[in-house]
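Trainee: Could you take a close look at one part with me, and then connect it to the rest of the model? I'd be glad of a careful walk through it.

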Amino acid sequence: MTAQAQEKGASAPVYAPSAEFAANAHVDAEKYAQMYETSVKDPEAFWREHGKRLDWIKPYTKVKNTNYSFGDVSIKWFEDGTLNVAANCIDRHLKDRADQTAIIFEPDNPEEDAQHITYAELHRRVCRMGNILEDMGVRKGDRVVLYMPMIPEAAYAMLACARIGAIHSIVFAGFSPDALGARVNGSDAKVVITADYAPRGGRETALKSNTDQALLHCKDSVKVLVVKRTGGQTTWIEGRDYDYNEMLLEADDYCPVAEMRAEDPLFVLYTSGSTGQPKGVVHTTGGYLVYAAMTHQYVFDYHDGDVFWCTADVGWVTGHSYIVYGPLANGATTLMFEGVPTYPDASRFWQVCEKHKVNQFYTAPTAIRALMAHGNEPVEKCDLSDLKLLGTVGEPINPEAWNWYNDVVGKGKCPIVDTWWQTETGGHLLTPLPGATALKPGSATKPFFGVQPVVLDPQTGEEITTTAAEGVLCLKDSWPGQMRTVWGDHDRFQSTYFEQYKGYYFSGDGCRRDADGDYWITGRVDDVINVSGHRMGTAEVESALVAHAKVAEAAVVGYPHDIKGQGIYAYVTLMNGIEPTDELRKELETWVRSEIGPIAKPDLLQWSPGLPKTRSGKIMRRILRKIAENDYGSLGDTSTLADPSVVDDLIENRMNKG
Ligand code: 6R9
């Protein structure tokens with residue numbers, strides 16, 4: 001966006017949408033206002049119309065049947081319609097787009113050739129994978145876990161499951177064997193699809209070997225389908241392991257689509273919460289796809305022929321909705337990148353943009369900050385003239401990073417859509433529409449169609465009705481992409497999201513609404529931290545730490561981190577008689593990596609002979625957070641502590657002295 005930025009009183013600069021962009025956009029300011037109004041005044045009529053963007057086998061007559069009353073939460077969209085997600089993402093495009101590229105695959109190693117997979121080829125591949133899964137005994141409703149590199153076969157596997165009516169559950173390839181095993185058990189999966197190795201940033205993760213380890217803790221009946229990625233050596237268990245590349249030669253090119261009800265589950269995706277172990281977020285077929293496709297088109301202003309690149313991994317919800325389902329439902333060309341932003345060097349993202357003439361580029365603030373640290377040269381040496389729009393997701397973006405993204409990457413010409421949403425929401429909830437919304441660096445601005453955000457007073461639970469407001473962010477009423485339940489635990493779904501504030505969906509985020517009605521996310525209000533745009537429950541890291549034989553107690557909090565947004569700060573109390581050493585510190589770091597995965601490794605670990613507790617034994621995290629933030633001047637009231645002297649020790653030995 002250009003420097004027409006105007007100072008609005010004392011508040012942030014505002015960037016009005018350019019007239020040129022608005023003229024060609026799906027939605028301008030006037031249309032947004034009008035569509036938004038209908039969407040909330042008459043959601044039935046609005047979604048009855050927009051549900052038609054999909055091909056239904058049996059059209060729906062019912063549109064919305066949702067109930068947020070506590071103890072009886074039930075969310076249904078288009079419930080009497082039937083459809084198939086793979087047919088919507090592939091088959092219906094074959095008439096006009098058989099030869100159009102559906103997926104561009106850019107491998108980790110830039111020397112390796114990119115692949116262009118057409119819709120016709122995608123159809124063959126997905127059919128074959130569907131037939132292979134059926135040969136392995138997978139049936140409608142069965143769960144299939146994917147533990148895959150970012151290769152086209154990951155997308156084939158997702159769509160093959162959807163085609164035959166199986167429910168996929170993707171486990172990010174950076175998770176450890178233990179985490180994988182827990183998810184295989186949690187979803188009671190029949191098959192795990194994996195690859196021999198996952199190349200990433202010039203290194204390789206041994207996915208097959210991790211899978212072997214994970215399955216030691218799972219039912220013997222679980223089968224493994226192995227895709228060859230590097231051809232590296234793996235062990236093979238006859239009868240359990242199936243060779244994808246071999247089966248591919250025999251598999252039939254056509255696989256019929258299963259007729260699914262709109263409310264049949266499409267996938268389960270485990271995500272961290274404030275308590276306990278990760279929960280399986282369940283998304284269903286009809287509403288999810290309508291919402292993913294619609295947000296993809298409007299938020300990124302996607303037009304036919306554009307090349308869209310979302311840099312996420314399919315292991316996260318962003319990869320589900322905006323690498324695979326949304327774009328393919330729209331007949332788009334979507335780019336899948338196997339690598340990392342800084343390999344072989346900090347110019348990689350921009351080289352990929354140049355090479356594939358990317359039009360819309362969607363990434364996380366943590367990547368922008370990391371690349372910004374390498375200066376402008378890696379960006380400026382690439383031709384980014386095809387870029388029309390930039391997007392961010394996963395965490396709040398700081399104005400410095402926003403400005404750099406805008407000036408250096410977007411050359412002041414590309415609107416930036418800062419999209420706030422969650423695994424639970426299926427798609428964007430708060431976001432600018434690039435032809436309609438005035439942008440403010442750091443604000444996710446306005447609600448998408450059908451979304452009714454409210455700001456509640458965290459103490460009273462009352463809705464704050466003034467335009468300017470600060471409190472917790474909740475959603476009044478449902479939207480089609482909303483999660484429907486927690487896998488196997490509907491009570492947990494109700495109590496996590498609908499109990500705290502009766503009659504609302506509670507997001508877990510705090511926010512501020514400014515005088516223009518724009519929303520600014522202030523971060524989680526629960527014990528979830530956001531590390532490089534990934535959610536991590538502090539309770540998960542704590543339970544991993546205390547599972548180590550030498551650890552008596554642990555408390556984990558977030559602290560501000562220049563690149564990651566938040567870093568993981570762990571306070572660890574050792575068992576009596578155990579000496580704190582640097583070796584033990586390393587051992588614990590490795591331990592957490594192996595219990596959860598590299599993303600959970602504490603950035604700072606402090607030995608804490610005692611933790612600040614109330615007399616009833618509750619750890620006072622507020623104090624631990626302050627110490628981790630290096631803000632120990634304002635610890636507040638410590639008089640309720642059982643032993644206030646532990647605080648002095650913690651301050652004395654704090655790790656974050658920056
Ligand atoms: C899509 C995704 C969700 C949490 C969410 C919030 C944070 C996501 C954001 C943002 C500020 C944005 N978050 N987008 N915070 N601005 N544009 O990230 O899902 O992994 O479930 O994380 O991420 O705290 O509650 P998920």
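Mentor: Happy to! Let's begin with His50, a residue of helix 3, which runs over residues 43-50. Keep in mind as we go that this is a predicted model. Is His50 buried or exposed? Its relative accessible area is 16%, and buried means under 20%, so His50 counts as buried. What does His50 touch, once neighbours within four places in sequence are set aside? The partners are Met35, Val290, Met294 and Tyr298.

Now let's turn to Asp301, in the loop that links helix 11 (286-299) to strand 18 (307-310). Asp301 is not a glycine, yet its phi is positive, near 45°. With a relative accessible area of 7%, Asp301 falls under the 20% limit and is therefore buried.

Just after helix 7, Gly165 has a positive phi of about 85°. The peptide bond leading from Tyr343 into Pro344 is cis, with omega near -5°. Pro344 itself sits in the loop between strand 19 (333-337) and helix 13 (348-356).

Next, the ligand. How many residues surround the ligand? There are 17, and the closest are Asp418, Thr419, Thr423, Asp509 and Arg535. Sorted by class, this shell has six nonpolar, six polar and five charged residues. Helix 12 (317-329), strand 22 (416-419) and strand 27 (519-524) each give at least two residues to the shell.

In the side chain of Asp509, an N or O atom is 2.6 Å from an oxygen atom of the ligand. For Arg524, a polar side-chain atom comes to 2.8 Å from a ligand oxygen. Gln422 has a polar side-chain atom at 2.9 Å from an oxygen atom of the ligand. On its own the ligand has 530 Å² of accessible area, and the protein covers 95% of that.

Let's finish with Ser274, placed in the loop between strand 16 (265-271) and strand 17 (279-284). At 28% relative accessibility, Ser274 is counted as partly exposed. Which residues does Ser274 contact, leaving aside those within four places in sequence? They are Asp526, Asp527, Val528 and Ala539. A further pairing to note is Ser274 with Glu540: these are 266 residues apart in sequence, while their C-alpha atoms are 8.7 Å apart in space.

Note on methods:
Residues numbered from 1 in each chain as written. Predicted model: local features only at pLDDT ≥ 70, side-chain atom pairs only at ≥ 80, totals over all residues. Heavy atoms only, no water. Helix = DSSP H or I, 4+ residues; strand = E, 2+ residues; numbered from the N terminus. Buried < 20%, exposed > 50% of the residue type's maximum accessible area, 1.4 Å probe, protein only. Contact = heavy atoms within 4.5 Å. Near = heavy atom within 4 Å. Polar contact = N/O pair within 3.5 Å; in protein donor to acceptor, adjacent residues only side chain to side chain. Areas by Shrake-Rupley, 256 points an atom, 1.4 Å probe, with all protein chains shown as cover. Nonpolar A, V, L, I, M, F, W, Y, C, P; charged D, E, K, R; others polar.
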